Amino acid sequence: MTTAPSPAADDALRTARDAARRGELDAAVAAWRLAQAGGRMTLPDWLGLGDALDALGRSADAYAAYRSAAALDKGSASARLGLGNALSALGRSAEALAEYERGLKLDPAFPALWANYAVALSAADRPEAAIAAYDRALALAPRLVPALIGRGNAKAMLNRHDEALPDFEAAVAASPGSPHARFNRGLALLRRGDWGQGLADYEARWAMTGRDGRRPGLWLGEDDIAGRSLLVDAEQGFGDSLMLARFLPLAADRAGRTIVRAPRALTAVLAGVDPRLEVVAAEEHPTFAADRYAPMASLPLAFGATPQSVPAPPYLKADPDAVAAWRARLGPSRRRIGIVWAGGPARGAVRGRGLPLKALLRALAGAGDLVCLQKDVDRADRALLAKAGAAAFCDELTDFSATAALASACDEVVSIDTSVAHLAGGLGLKLTVLLPFFSDWRWSTAWSPNPWYPEARLARQTARGDWDGALAALAALAALAALAAD
C-alpha cells in the first residue's frame, strides 16, 4: 500500500516556493520540511531546500538535502554543485572537488559548476588549475562576475597582478553595484600604488560584509569637525590597527575630541600614540555616542594618504621603565633577537604566513640570543625554544604594551606577517619580516622601500610554500649582523 500525498503537503510546497522567492528562508525551510514529511518533494524542491539551508549557514543540513536531490536524480549536475558547495563549507575539500568533477562530467557546459570548482581549486592552493577552470566558466558566461573576481584572485595568488586587474575591472563593468568586484579591484589598485581609487574601492568592504560601518555620521575627511567629537573604531585585526594607528594624531588635529575604541589588548599601546586620544576598550563599550564616526581603516582615505605621504614610524611607544626591567631580567647579550613564527589562534593563522619554528631556529643559529615574542606557543614549540636556549615569557605577554616593552628590549625583531611585525615596525625597531610568496597588499613589491615601515627588511618566498630562499636570505643577514655585533 502507498499513502496518497496530502493536500497539506501540496500547500506546504506552494508556501515554501513562495517564501523562497521572497527571500524568507526560515519560513521556506519550515514549509519544505512539512512537504518532506508529506512525501511531496521534487528535485527542484530538494535543491531549493538545500540552497536555503546553505544560505542560512546550515551546511550539514544542506548537504543532506542535496544528497536527497542526487538520490532522486543521479544525472542532476545541480545536485552535484550543491553537494560540492556544502562539502566546501564543511571543510571537506577533497570530497567537494570530487563532487564538482562528477557534476562537470554530467554537464560540462554548466558555468556555475566550473566557477565553484575553481573556487575549491584555489582553496586547495592550486591557482593554476583554478585559472583554467575559471577560463572554462567565462568561455560559457563571459560576464559571470564571481568567475571574473575569482580568476583575478587566482592570478594574484601567483603574483600576476597586472593580469589580475583587468579581471576585476571587467567585474566592475559587468556589475557596477557589486561590492565584491569593487573591493577586489581596490586591493589590486593598492598593490600597484594607486591609492586614490584603491582606498575608495576599499570602502566596499562594508556592503560586502553587511557590518555596521556606514551608519549616519560617517566622517571621511570631507568636512570640518573642529569642536566636535569623533569616534575612531578599530574595526579590523590587531595588526591592521597597529599599522593604522599612525593616522590617529591627524584625527586629533581635526576633531575637538577624539575617542578610539579598540580591543582591550590594544588600548594601552594606542593610548601612548597621542595624549589627546581617549582610548576605550570595545569589550566595555559596545556602543559609544559621538558626533561623528570613522572606521580606523578608512583614515588613509580620509587623509588622502599616498605611498609617499604615509606618516613614518616611530609612532608607538613602549614604557621605558618596563623596557629597562626586561633588559635587566634578560641580562647582558651581544645581540638579542625577538622572534615570531606563527599567527595567534584567536583569529586563526592566515594560511601560508606561518613557518616551522625549527626552520627559523636553524636560520638564526649563532646569530644571537633569541627571545620569543609570541604569546600562544604550543607544547612542542615550547620544547624547541627551551632546547635552543631561547627565552620565553608567553604568559606575561598580557597585552600589546607588554609585548612592546619586551620587543624594545631586543636589538632586532624577526617576524612573519602578523601583529607583532606591525608593533615592532610602529615602534621603529629594527625589523625583518618573513613574507609568503603571495603577501598582503601592504607589502607590495610595487614600491621600495615599503612606505609603512621604510627601514624594515623584507625576506620573501620565491615560490609558494617554499621558505628556503627567504630563510637563507635571513641567515645571511643574521650572520652579517652577528659579525658586526662581535
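## Helix packing and loop features in a predicted model

Helix 7 crosses helix 8 in a left-handed manner. The contact draws on Pro111, Trp114, Ala115, Tyr117, Ala118, Val119, Leu121 and Ser122 from helix 7, and on Ala129, Ala130, Ala133, Tyr134, Arg136, Ala137 and Leu140 from helix 8. The structure described here is a predicted model.

Two packed helices are described by the angle between their axes and the distance between the axes. For helix 7 (residues 111-123) and helix 8 (residues 127-140), the angle is about 165° and the axes are 8 Å apart. Angles over 145 degrees count as roughly antiparallel, and helix 7 and helix 8 are therefore roughly antiparallel to each other.

The loop between helix 7 and helix 8 contains aspartate 125. This aspartate has a positive phi of about 60°, although it is not a glycine. Aspartate 125 counts as partly exposed, because its relative accessibility is 36%. A second residue of this kind is asparagine 159, which belongs to the loop between helix 9 and helix 10. Asparagine 159 is not a glycine either, and its phi is positive, near 60°. With a relative accessible area of 31%, asparagine 159 is partly exposed.

Helix 11 spans residues 179-192, which makes 14 residues. From its first C-alpha to its last it reaches 20 Å, close to the 20 Å expected at 1.5 Å a residue. Helix 11 is mostly covered, with 10 of its 14 residues buried. The buried set consists of Pro179, Ala181, Phe183, Asn184, Arg185, Gly186, Ala188, Leu189, Leu190 and Arg191. These buried residues pack against four helices: helix 9 (145-157), helix 10 (161-174), helix 12 (195-202) and helix 13 (205-209). After helix 11 comes glycine 193, with a positive phi near 95°.

| Cis peptide bond | Omega |
|---|---|
| Proline 313 to proline 314 | about -5° |
| Serine 448 to proline 449 | about 0° |

Proline 314 sits in the loop between helix 17 (299-302) and helix 18 (320-330). Proline 449, in turn, is placed in the loop between strand 9 (431-435) and strand 10 (457-460).

Note on methods: Residues are numbered from 1 along each chain as its sequence is written. This is a predicted model: local features need pLDDT of at least 70, side-chain atom pairs count only at pLDDT 80 or more; totals for chains, interfaces and linings use all residues. Side-chain values use heavy atoms; hydrogens and water are left out. Axes are lines fitted to C-alpha atoms, for helices over the stretch in contact, and angles run from 0 to 180 degrees between N-to-C directions. Helices (H or I, at least four residues) and strands (E, at least two) are DSSP runs, numbered from the N terminus. Angles under 35 degrees count as roughly parallel, over 145 as roughly antiparallel, 65 to 115 as roughly perpendicular and the rest as oblique. A crossing is left-handed if the near helix is turned anticlockwise from the far one by less than a right angle, and right-handed if clockwise. Contact means heavy atoms within 4.5 Å. The expected span of a helix is 1.5 Å times one less than its number of residues. Buried means under 20% relative accessible area, exposed over 50%, partly exposed in between (1.4 Å probe, protein chains only).
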